[in-house]
Amino acid sequence: MAATLKDATAIVGIGQTAFAKRLPQSEKELACRAILAALADAGIDPSEVDAFSSYTMEETDEVEVAKAIGAGDVTFFSKIGYGGGGSCATVGHLAAAVATGQATVGVAWRSRKRGSGPRPWKNTAVQLPTPGQWTRPFGLLRPADEIGMLARRYMHEYGATRDHLFNVAMACRNRANENPAAMMYERPLTREMYMTSRMISDPLCLFDNCLETDGALACVIVSAERARDCRQRPVYVHSAAQGLPAQHHGMVNYWNDDPLSGPAWTAARHLWKQADFGPQDVDVAQIYDAFTPLIPLSLEGYGFCGRGEGAAFTEGGALEMGGRLPINTGGGGLSEAYVHGFNLINEGVKQLRGVSTAQVPDAATCLVTAGEGVPTSAILLRA
């Protein structure tokens, strides 16, 4: 029988800093605070950490983090590319390392000062990646422009409307209004506010775009056996997957034969193949939401509805508490904080511990996804 990662490891600690438009601490200090909070949550001494995983876009490297927190000898470390596409892969890499004996205590983290720091696309001295050479000189400068193009194609093909995108924005904002840690806590959104807000990149308005946030988050992964003795109720990593489709062009997939069949479809096939349950058994989902159109695209890719049905899926409060699939119960990147999707991982853990600020009753299974539109990753968590 082929070896799998199924329930072999668990997330036993989570930590985060405050989220704000501007925080005074450096990214390194924020990273270390989040990591130490996660280790304290798990009841594990920093000296026991022997594995790290983060993003290639992470400015704080594992050498500096290991020294600062007082880690011991480190026997595994990895970084995953493609921005928010790497979020869940950090957990997947550590789960594989721990399950195969390469390490015993793994820490995944992301620290970012995107609120007060520079916008990545402003650095014109950097050589453009090959796809960007065919798009950015012609005006598609920002991720919002690139996803705006995909969104318009989706609306043309399947009849989706701005009301469907509003359903996504509203569900995330409603959950943030219940979460004191969210940047949009006590800041309600109405349909009128949404429909009259300024366009950022047509058809995407202000509220279709994620927040700009300073902050950091981390989680701790150990073996299932050790997890039983940790301070918190373990949340098992049931399945993990990454996805890079054939002939893919990140974010600007327009000349692909099927631009709307993104990396989620590739990751999903592998994710569900290894799992003991399917989309119909997911109690709550944390779906990467840098932009509202990524939700209907991901709903389709991960099998919650058919092709072209993602927009209609959002109708009738389906994404709200008590709906068909409550999503992003901390507020997500649209309304809690945008830290390349890591808050979605921690929120998934909170749901399965039963401590979310918008708790789904008796939640036992959770899907967490990384960025759609770029090489991506996903995990299935089980209580």
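For my contact lists, I count two residues as touching when they have heavy atoms within 4.5 Å. This is a predicted model, so I keep that in mind throughout.

Entry one, isoleucine 11. I found isoleucine 11 in strand E1, which covers residues 9-16. Buried or exposed? Isoleucine 11 counts as buried, because its relative accessibility is 0% and the cut-off for buried is under 20%. Leaving out residues up to four places away in sequence, I get Val91, Cys219, Val220, Ile221, Arg233, Pro234, Val235, Val237, Ile345, Val349 and Leu381 as what isoleucine 11 touches. I also checked isoleucine 11 against leucine 165: they sit 154 residues apart along the chain, and their C-alpha atoms are 32 Å apart.

Entry two, threonine 292. Which side chain does the side chain of threonine 292 make a polar contact with? It is that of aspartate 208, at 2.7 Å. Threonine 292 lies in the loop between strand E9 (284-286) and helix H10 (294-301), and at 0% relative accessibility I log threonine 292 as buried.

The crossing of H1 past H2 is right-handed. From H1, I listed Lys28, Cys32, Ile35, Leu36 and Leu39, meeting Glu64, Val65, Ala68 and Ile69 of H2. Sorted by class, that contact holds 7 nonpolar, no polar and 2 charged residues.

Key: Residues are numbered from 1 along each chain as its sequence is written. This is a predicted model: local features need pLDDT of at least 70, side-chain atom pairs count only at pLDDT 80 or more; totals for chains, interfaces and linings use all residues. Side-chain values use heavy atoms; hydrogens and water are left out. Helices (H or I, at least four residues) and strands (E, at least two) are DSSP runs, numbered from the N terminus. Buried means under 20% relative accessible area, exposed over 50%, partly exposed in between (1.4 Å probe, protein chains only). A polar contact is a pair of N or O atoms within 3.5 Å; within protein, one must be able to donate a hydrogen and the other to accept it, and residues adjacent in sequence count only if both atoms are side-chain atoms. A crossing is left-handed if the near helix is turned anticlockwise from the far one by less than a right angle, and right-handed if clockwise. Ala, Val, Leu, Ile, Met, Phe, Trp, Tyr, Cys and Pro count as nonpolar, Asp, Glu, Lys and Arg as charged, and the others, Gly among them, as polar.
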